Each structure stands twice: as structure tokens, then as C-alpha cells.
Amino acid sequence: MRAYTTMASPVGELLLVGELRGDSVELTAVSMAGSKSMLVEGEWTADAEAFAEVVGQLTAYFAGERSEFDLRFGSAGTDFQRRVWSALEEIPYGTTTTYGEIAARIGAPRAAVRAVGSAIGANPLLIVRPCHRVVGSDGSLTGYAGGVERKQQLLDLERAA
């Protein structure tokens with residue numbers, strides 16, 4: 001069963017979506033207010049209690065007390081997307097990498113940088129799968145589903161901690 005809850009955060013309201021699996025939730029999406037994926041579907045069930053662990057870990061992250069997440073994620077996406085997303089999960093807290101470096105990590109040719117960017121843009125798990133840590137080859141902040149301003153906020157939060 002698909003369930004959801006919302007939580008307040010320093011980067012605005014977050015929508016947490018997941019599949020209920022017994023007494024826990026498998027997280028399938030984290031989106032931010034104002035993003036196109038911040039929509040609740042009619043058949044979803046509001047269930048704040050199921051997301052208590054997710055909310056607790058995100059709260060600790062925003063407080064600078066957690067640098068990694070220990071959550072169960074859904075397995076959506078193509079094989080290529082899942083490879084890119086796995087590489088995102090390996091980017092150390094407080095650091096950044098480039099799209100080209102992600103392509104190299106997954107063994108994709110340099111010409112695949114745009115495909116890597118598209119896969120990163122399709123990441124449904126903002127913050128917990130840290131796509132905000134990927135920057136342009138010149139170090140510039142590039143697109144982010146939550147907006148470049150929020151990307152900067154997340155990077156600043158990690159550097160401050």
C-alpha cells in the first residue's frame with residue numbers, strides 16, 4: 001500500500017512517499033514544496049507513524065547530527081538510473097563531485113554525461129540520495145529538482161556541520 005506524510009524542514013515542506021512493508025516503510029520518494037513531484041495521489045494513505053524513522057533521520061540530518069541515512073529504498077528506475085543513483089549514495093557527506101566523475105564511476109563513456117545528468121534529475125529521493133552533491137565540471141551549481149537555492153542550502157548545511 002502506498003503511504004505518505006509531510007514534514008517541515010529548513011528547505012521547506014517535504015513530501016515523503018513509500019510502500020508499507022509490514023511494520024516499516026520502503027521509501028520511494030522525497031520531494032520538496034514547489035516541485036512537480038510534490039503531488040499526493042488519490043489512492044495514497046496518510047500515515048505519519050509509518051514514516052517516524054525517516055522523519056527522525058531527516059531531522060537529525062538537518063540538525064547536523066547525521067551524515068548518512070540508513071533507510072530502505074524502493075527499487076524503481078532503469079538499470080542505468082539505479083547504477084547512477086548507487087553512485088550518488090557513495091558521495092561523501094560535505095563533498096561534491098561532477099557529472100563526469102559519476103559517469104566514470106559507473107563505467108560510462110564521457111559522452112554519457114548528459115544521460116547521467118538525466119538519471120540524476122530523475123532521482124526520486126532528494127536529500128537521502130544526495131544528488132545535491134553533484135555540480136558542474138567548473139564547480140557551478142547546476143539544476144536541482146528542489147531549485148538551485150535549496151541545493152546551495154543543503155551544501156552549506158553539510159559544510160557547516
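The second largest pocket of this predicted model has a volume of about 220 Å³. Of its 15 lining residues, Glu68, Phe69, Glu89, Val128 and Pro130 are the closest to the centre. By class, the lining divides into nine nonpolar, one polar and five charged residues. Here Ala, Val, Leu, Ile, Met, Phe, Trp, Tyr, Cys and Pro count as nonpolar, Asp, Glu, Lys and Arg as charged, and the others, Gly among them, as polar. A pocket is an open set of points on a 1 Å grid over the protein atoms alone, where a 1.4 Å probe fits, with protein on both sides within 12 Å along at least five of seven lines; a lining residue has an atom within 4 Å of a point. Grid points are joined across faces, edges and corners, and the volume is the space filled by probe spheres set on the points.

Residues are numbered from 1 along each chain as its sequence is written, and side-chain values use heavy atoms, with hydrogens and water left out. Because the model is predicted, local features need pLDDT of at least 70 and side-chain atom pairs count only at pLDDT 80 or more, while totals for chains, interfaces and linings use all residues.

**Salt bridges**

The structure holds six salt bridges, each defined as a side-chain nitrogen of Lys or Arg within 4 Å of a carboxyl oxygen of Asp or Glu. Three of them are listed here.

| Pair | N to O distance |
|---|---|
| Glu19 and Arg2 | 2.7 Å |
| Glu26 and Arg72 | 3.7 Å |
| Arg133 and Glu158 | 2.9 Å |

The side chains of Glu19 and Arg2 meet in a salt bridge. Glu19 lies in strand S2 and Arg2 in strand S1 (residues 2-7), so this pair ties together parts that are 17 residues apart in sequence. Helices (H or I, at least four residues) and strands (E, at least two) are DSSP runs, numbered from the N terminus. Strand S2 spans residues 14-21. Glu19 counts as buried at 15% relative accessibility, whereas Arg2 is partly exposed at 29%. Buried means under 20% relative accessible area, exposed over 50%, and partly exposed in between (1.4 Å probe, protein chains only).

Not counting residues up to four places away in sequence, Glu19 touches Met1, Arg2, Ser24, Val25, Glu26 and Thr28, where contact means heavy atoms within 4.5 Å.

Glu26 and Arg72 form another salt bridge between their side chains. This pair links distant parts of the chain, with Glu26 in strand S3 (residues 24-32) and Arg72 in the loop between helix H1 (52-62) and helix H2 (79-89), 46 residues apart. Glu26 is buried at 16%, while Arg72 counts as partly exposed at 40%.

Arg133 and Glu158 make up the remaining pair of the table. Arg133 is in the loop between helix H4 (113-121) and strand S6 (134-135), and Glu158 is in helix H5 (residues 148-160), 25 residues apart. Arg133 counts as buried at 4% relative accessibility, and Glu158 counts as buried at 3%. Salt bridges that share partners join Arg21, Glu26 and Arg72 into one network.

The side chain of Arg133 also reaches the backbone oxygen of Ile91 at 2.7 Å. Among the residues that Arg133 touches, leaving out those up to four places away in sequence, are Ser67, Tyr93, Thr96, Leu155 and Glu158.

The buried residues of H1 are Val54, Gln57, Leu58, Ala60, Tyr61 and Phe62. Their cover includes S1, S2, S3 and H5. Just after H1, Gly64 takes a positive phi of about 80°.

Ile127 has a positive phi of about 75° although it is not a glycine. Most residues other than glycine have a negative phi. Ile127 is placed in the loop between H4 and S6 and counts as buried at 1% relative accessibility.

Ala145 is found in the loop between S6 and H5 and is partly exposed, with a relative accessible area of 47%. The C-alpha atoms of Ala145 and His132 are separated by 9.1 Å, the two residues being 13 residues apart along the chain.

Key. Polar contact = N/O pair within 3.5 Å; in protein donor to acceptor, adjacent residues only side chain to side chain.
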